[in-house]
Every structure is written in C-alpha cells, then in structure tokens.
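Dear colleague,

I am handing over the structure we spoke of, and I would be grateful if you could look through it with the notes below at hand.

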Amino acid sequence: NYSHSECSYYKADISILCNELAQKIYKRDNPLKLTANYSCNKSLNRILTERYISVAISKFIDSNGALFLSNSIPIRSMNMHASRVHENIIYTAANWGASWIDGIISTSIGYAVGVKKKTTLIIGDIAFLHDCNSLSTINTNLISLTIIVINNHGGQIFSKLPINEHSDIVEKFFIAPPNYSIEFMSKAFFLDYTKVSSCDEFDEV
C-alpha cells in the first residue's frame, strides 16, 4: 500500500503483542501461502514492470553480489515482491537523502567499494538524473557496478498517492517526466549501455 495510511491504532504491551502475532503467523498454512506466491509470480505474464525486475534480480543475485536500492518505488517493490530463494544473506543497502532520491548513485559507488562485491543498483529515471554527475567516478574507482534504470517516465509513486487526484498539477510538479537520454548520458561518461524492453531481453542481460 503506497499510501502508508493507518486506519486503526492499538495500544498494547509489546511482549504480549509479539507473542500473539507469532502464534497467528505460525498457524498459517505455509504450503498454501507458498503456492499462492508462486501462482502470483507466474501471473506476471512476462510484462517488464518494477515488480518483474524485483522478482528477477532477487532470484539472479547470489552471495557473491550486493544490492543497492534507490528510494521511492525500487525499495518498496523489492520489499513486497523479492524472491526468498536464497539461503545465504545478500548484502543490501539503501540511502536516505534530503529529498529521498539525492546522491543515490554516489552512495552506491561508495557501497560497492566498501563491500568489494559485484554490485547492482536499481534506480528510477528521476533519481538517476539527480545524481548523474557521479557516473564520472565509476571507472576511476575500479568497481563492478551494474545500474538498472527503471525508465518509467518520472516519479510514478505519486500516481499511487492521494495527490494524484489533482490532475492539474500532479503530472507537471510531482511526477515530472524527464526529457533526457539515458543512453547518451551513459556514453558521455564512457559507460556500457544496454536498453531492454521485454522480460526476455532483461533476463538475457
């Protein structure tokens, strides 16, 4: 739920609350839950969406890799849809800038240097634009960093928030679709670039 709205509040002793929740969780029919989750993943119909990317990356990445998630939709999508197939811990990190999407690329570069692993960054087109100057430091740091830019034409999280009801302002001032070429920007910093438009192309890359 992207609105993050609360409809009920409870006041309780934390130990009692956790105990009650634990009992209810362990009483669930786990096989049914796993079957439902599998069916849900199968129903993606091979459409390249934020959800598909989250599921695919969480399956492909292994303990030799690390993951960095941009704020807004990427981190929420991964939290909701990531596959739980790994037995080993996958190094995962995120940033919290002054405006949520500040400095994502630069932080992911520092993160890759620190963990010394092949790092994958999932980032939206607006966040990518906000910190594109940091692309100049990728080659100088001798790191392995793959940047997946979700080109969804602006801050689409606002289309899922109450502000979306104000059609006269939401597109221009909140979603704010950018008008720039990710390909040309990557080439300007001598970085390899691949455009994918389908799930098969994404899986192949």
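What follows is a short account of what was found in it.

Please keep in mind throughout that this is a predicted model.

I begin with the charged side chains, where the count comes to 1 salt bridge. The side chains of Lys187 and Glu183 meet in this salt bridge, at 2.9 Å from N to O, which falls within the 4 Å that the rule asks for. Both Lys187 and Glu183 belong to helix H8, which covers residues 182–188, and they stand 4 residues apart, about one turn of the helix. Lys187 has a relative accessible area of 46% and is therefore classed as partly exposed, and Glu183, with a relative accessible area of 27%, is likewise partly exposed.

On the surface there is also a nonpolar patch, formed by Ile14, Leu17 and Leu21, which together have about 280 Å² of accessible area.

As for the cysteines, the structure holds 0 disulfides, a disulfide being a covalent bond between the sulfur atoms of two cysteines. Cys132 has a relative accessible area of 19% and so counts as buried, although the cut-off for that class is under 20%, and I would ask you to read the label with that value beside it. Cys199 is buried as well, with a relative accessible area of 2%.

With kind regards

Key. Residues numbered from 1 in each chain as written. Predicted model: local features only at pLDDT ≥ 70, side-chain atom pairs only at ≥ 80, totals over all residues. Heavy atoms only, no water. Patch = residues over 30% accessible without salt bridge, like charges linked within 9 Å, V, L, I, M, F, W, Y side chains within 5 Å. Areas by Shrake-Rupley, 256 points an atom, 1.4 Å probe, with all protein chains shown as cover. Helix = DSSP H or I, 4+ residues; strand = E, 2+ residues; numbered from the N terminus. Buried < 20%, exposed > 50% of the residue type's maximum accessible area, 1.4 Å probe, protein only. Disulfide = S-S within 2.5 Å.
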